[in-house]
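Subject: Structure handover, with notes on the disulfides

Hi,

Here is the structure for you to look over. My notes on it follow below.

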Amino acid sequence: MWFRPAGVARDEGDSMRATKGNGRVRAWRKLGVFIAGSVVALSVIGSGTAFAATPTADWGSFTPDTLTTGAQPGLVSSGKVASFTVSLRNHDTSTISQLFLKAVLQAAAPAPEVTGLYFVSANRNSCVQPSTSQTTLSCSFRNVKPGDEVIVQVGFTVPTGTASSCLEGKAKNFGIPSSTLDGSNMFCLNFVWSTTGATTSDQNNTSHGDVWNFYDGVATSTDTNVASTYVFKSEQFTVANGAIGGGNGQSTKAVVNQALQGVTVSDGTPIQAIDCTTSALSASDCANFNKYKFGEWSFMTIGTTGSQPGGGAFAITISIDPTVYPLPPGVNKNNIAVYHQYATTSGTVEEIISSACARNNPTLPCLSSVSVSKTLVQVTFLSLHNGKGGMY
């Protein structure tokens, strides 16, 4: 079964998952916490819209496709990376001499502190890259002046989530995001800002200073038909679900070339016929697809607005086991094609991808490679759009 991550756009018509929600943000003082998981962090300092409290924690609203917003993707494969973005603005008239941030796994029982911090980038020396022996995510910001907004994007390698990971944030109403964090496989985090640097051992709130809490979460999945992650660096550019074989008749892979975006591919649903009375395809193209279609739908979600942040092309590879989905009579390496459907603000677009990519400056969309044998049918196409695709 294919799962579309809640709140993450599958196409150009969908909106950003997170928006500024000042009315939902709560300020909380002196709350003890615990921390767990594997983590990556990216921190940026910038200006933002005014907050209603002094100061206030939030999940900020940023320029689309420049920085991510909130938790992404909405569903993450177990063992892959989820991105969280939170912010705090000093809306006071005084400078905060030192500000600290920790990320806390919300579980029913105390958990050990975070391990495995593997990527940090900052322009204010806010989060220190730990050595292999260090295990705590520790961010500190000095001299946060009136009007300054501290924005932190952090990525966790998530396990299969549990419903209990969201209970603390819900019970204490820690600035609940716009989405409802429900489900049995949720991974939730509480972000703890403080002016004290209080550790997780300060359960009795004996330190002096203020503490602000904010939480967010993602659903997790172990479904082998789904591959969903957030891409922070080039080593994560390839995202693929379960390989063919062992009864799995199809796999889908995306290869992107830009970081700071969510990438999801999925399949598992056999292709259905298209209604030619409503399709935008020509009568002959629609009839041919219905006659020769085989395999499963492949769904792709790249970025948050229907394409990569910079608008560049990405590659989708569909691999089919012909022993599970036999090649229809008449379909061969020379005439195989891909039906691709995606949505825009103007409506649904349908297209047939059958032309080979030119070596230099290819006209998109196009087929970059085709392989047909007794053991493998594989097509890779280049596109600028999300949506779904199927072979025929």
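First, a term: buried means under 20% relative accessible area, exposed means over 50%, and partly exposed lies in between (1.4 Å probe, protein chains only). This is a predicted model, in which local features need pLDDT of at least 70 and side-chain atom pairs count only at pLDDT 80 or more, while totals for chains, interfaces and linings use all residues. Residues are numbered from 1 along each chain as its sequence is written, and side-chain values use heavy atoms, with hydrogens and water left out.

How many disulfides does the structure hold? Two. A disulfide here is a pair of cysteine sulfur atoms within 2.5 Å.

Cys-276 and Cys-286

These two cysteines are joined, with an S to S distance of 2.1 Å. The link connects distant parts of the chain, ten residues apart. Cys-276 sits in the loop between β14 (261-270) and α2 (283-292), and Cys-286 lies in helix α2. Helices (H or I, at least four residues) and strands (E, at least two) are DSSP runs, numbered from the N terminus. The angle about the S-S bond is -95°, and the link is left-handed. Cys-286 is buried, at 1% relative accessible area. Cys-276 is partly exposed, at 35%.

Cys-357 and Cys-366

A disulfide also joins Cys-357 to Cys-366, with S to S at 1.9 Å. Is this link left-handed or right-handed? Right-handed, with 95° about the S-S bond. Cys-366 counts as buried, at 1% relative accessibility. Cys-357 is partly exposed, at 21%.

Best wishes
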